[in-house]
Amino acid sequence: IRSYYQPEKRILYLNQSLSSAQECFLIGRELGFQCLSISDKRPFETSVLQTENFETLLHNFQASYFASALSMEEGHFAESLRKRAQNPVWDTQDWLRLLSEYNVTAEMLLQRMTNILPAHFGLKDLFFIRIQGDTDTNQYEMTKELHLNGLQSPYRNAYGASYCHRWLSIDIIKRLSEQRQGNLLAAAQLSEYWQTPNQYLCISMAKQDARSSHKGVSVTIGVRVSDALRNSFRFLQDPALPHLSVNTTCENCGIANCLVRAAPPSEIEAEEKLKRIQLRLKQL
C-alpha cells in the first residue's frame, strides 16, 4: 500500500519507501480529491484494492489527472516537448532529464504526453501501454492500455497469447535487465506493423524492479506517423533511429526467421491447414 487517506482524521499516510516523484504524485492526487470536493465514491488507498463502481474509478482518474497537470503545467510542458522534438537526433539522456526536471515518474510523464500531443501538436492517433515483464521466465503482461482516436495496432489480447517481442515495450525491459548499472532506461523506435500501413513512433521508458534485476516495468507512448508528426518531431529522420517490423502476437505472426519469437505461429498454421482442407475438398 503506497498511501492511505483517513477521512475522519483528515490525515494522508505515505509509505516511507516512496520516491520523491511518487510522494509528489500522491499528495497532488489527494489535493485533487479535496479541490474537486470528491468525498465519497473514491479510493482511500493506493494501490486501489477494490473498485466498487464506475464513479470510484472515474474520480480516481480525475484526481490523478489533477496531480499530473499540477506537476507538469500545460504550457511549460508543451514547450519542453517541442524543444526535444525539434532536436534532429534522438537524445536518450535529454528525454530522461524530463523526469528530474518535473520530478515525476515515467508513467506520469508519458501519460501527460497523451494529453498534450493532441492539443498542442495535432497528434490524435496514439496509444499508451504499460508492460510488466520477467526476463527469467520470458513472460510479459500488458497491465494498462489507452487508445485515442480509435483502436491502434498494439492492444491487449486473449489470455495466454505471446506478445510480439519486437515491441520496444518488451525489448527495453530485456535491455534493462542486461545492463550492469542503472535501473532506468529510455529508447525510441519506428515500429512498422507487419502487412499493414500502420507505422508508429514509439517512445518507451523502463524501470527495474527494486527487489529483482530480472523483473521490470515499461511504459510506452506510440504516435502514428503522419505529416504532422514529421513536421513536429525532427528526430524522426535520424538515421540512427531503429526501424523494425512488428506484430501483435507471435501466434498470429508470419514474419519469417524472427530471432525473438516467443511462440510458434499457431493461428497462422491453423488457417493455412483449413485452406488446404477446403482446397482438397473442392478437388474431390
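Among contacts in the protein between residues at least 6 apart in sequence, 59% join residues at least 24 apart, a contact being heavy atoms within 4.5 Å. The model is predicted, so local features need pLDDT of at least 70 and side-chain atom pairs count only at pLDDT 80 or more, while totals for chains, interfaces and linings use all residues. Residues are numbered from 1 along each chain as its sequence is written, and side-chain values use heavy atoms, with hydrogens and water left out.

**Overall build**

- The protein has eight helices and nine strands, where helices (H or I, at least four residues) and strands (E, at least two) are DSSP runs numbered from the N terminus.
- Along the principal axes, the C-alpha atoms fill a box of roughly 80 × 45 × 40 Å.
- Of the 284 residues, 43% count as buried; buried means under 20% relative accessible area, exposed over 50%, and partly exposed in between, with a 1.4 Å probe and protein chains only.

**Helix α6**

- Buried residues of α6 are Leu-168, Ser-169, Ile-170, Ile-172, Ile-173, Lys-174 and Leu-176.
- The cover over the buried residues of α6 includes the strands β4, β5 (139-148), β6, β7 (199-209) and β8 (212-224).

**Cavities**

- On a 1 Å grid over the protein atoms alone, a cavity is a set of points where a 1.4 Å probe fits but cannot get out; a pocket is an open set with protein on both sides within 12 Å along at least five of seven lines; lining residues have an atom within 4 Å of a point.
- Grid points are joined across faces, edges and corners, and a volume is the space filled by probe spheres set on the points.
- Three cavities of 30 Å³ or more are counted by this rule.
- The largest cavity has a volume of about 60 Å³. Its lining has 10 residues, and those closest to the centre are Trp-167, Leu-168, Ser-169, Tyr-193 and Cys-202.
- At least two lining residues of the largest cavity come from each of β4 (126-134), α6 (168-178) and β6 (184-193).
- The lining of the largest cavity divides into seven nonpolar, three polar and no charged residues. Here Ala, Val, Leu, Ile, Met, Phe, Trp, Tyr, Cys and Pro count as nonpolar, Asp, Glu, Lys and Arg as charged, and the others, Gly among them, as polar.
- The second largest cavity has a volume of about 50 Å³, and its lining consists of Cys-164, His-165, Arg-166, Cys-250, Cys-253, Cys-258, Val-260 and Arg-261.
- Five nonpolar, one polar and two charged residues make up the lining of the second largest cavity.

**Second largest pocket**

- The second largest pocket has a volume of about 240 Å³. It is lined by 17 residues, with Leu-168, Asp-171, Arg-175, Gln-189 and Pro-242 nearest its centre.
- Two or more lining residues of this pocket come from each of α6 and β6, and α6 gives the largest share, four residues.
- The lining of this pocket divides into 10 nonpolar, two polar and five charged residues.

**Aromatic rings**

- The whole structure holds nine aromatic pairs. Rings of Phe, Tyr and Trp (its six-membered ring) pair if their centres lie within 6.5 Å; planes under 30 degrees apart count as stacked, over 60 as edge-to-face and the rest as tilted.
- The pair of Phe-121 and Phe-233 is tilted, because the ring centres are 6.0 Å apart and the planes stand at 45 degrees.
- Phe-121 lies in helix α5 (residues 106-121) and Phe-233 in the loop between α7 (227-232) and β9 (243-246), so this pair ties together parts that are 112 residues apart in sequence.
- Phe-121 counts as buried at 9% relative accessibility, and Phe-233 counts as buried at 2%.
- Phe-233 also pairs with Phe-235: the ring centres are 5.7 Å apart and the planes are at 80 degrees, so this pair is edge-to-face. Phe-235 is buried, as is Phe-233.
- Trp-90, Trp-95, Phe-121, Phe-233 and Phe-235 are linked into a cluster by ring pairs.

**Charges over rings**

- A charge sits over a ring if NZ of Lys or CZ of Arg is within 6 Å of the ring centre and within 35 degrees of the ring normal.
- The ring of Phe-121 has the charged end of Arg-82 over it, 4.8 Å from the ring centre.
- The charged end of Arg-42 sits over the ring of Phe-33, 3.9 Å from its centre.

**Positive phi outside glycine**

- Ser-37, which is not a glycine, has a positive phi of about 55 degrees. Ser-37 lies in the loop between α1 (20-35) and β3 (45-46) and counts as exposed at 62% relative accessibility.
- Gln-195 has a positive phi near 60 degrees. Gln-195 is in the loop between β6 and β7 and counts as exposed at 67% relative accessibility.
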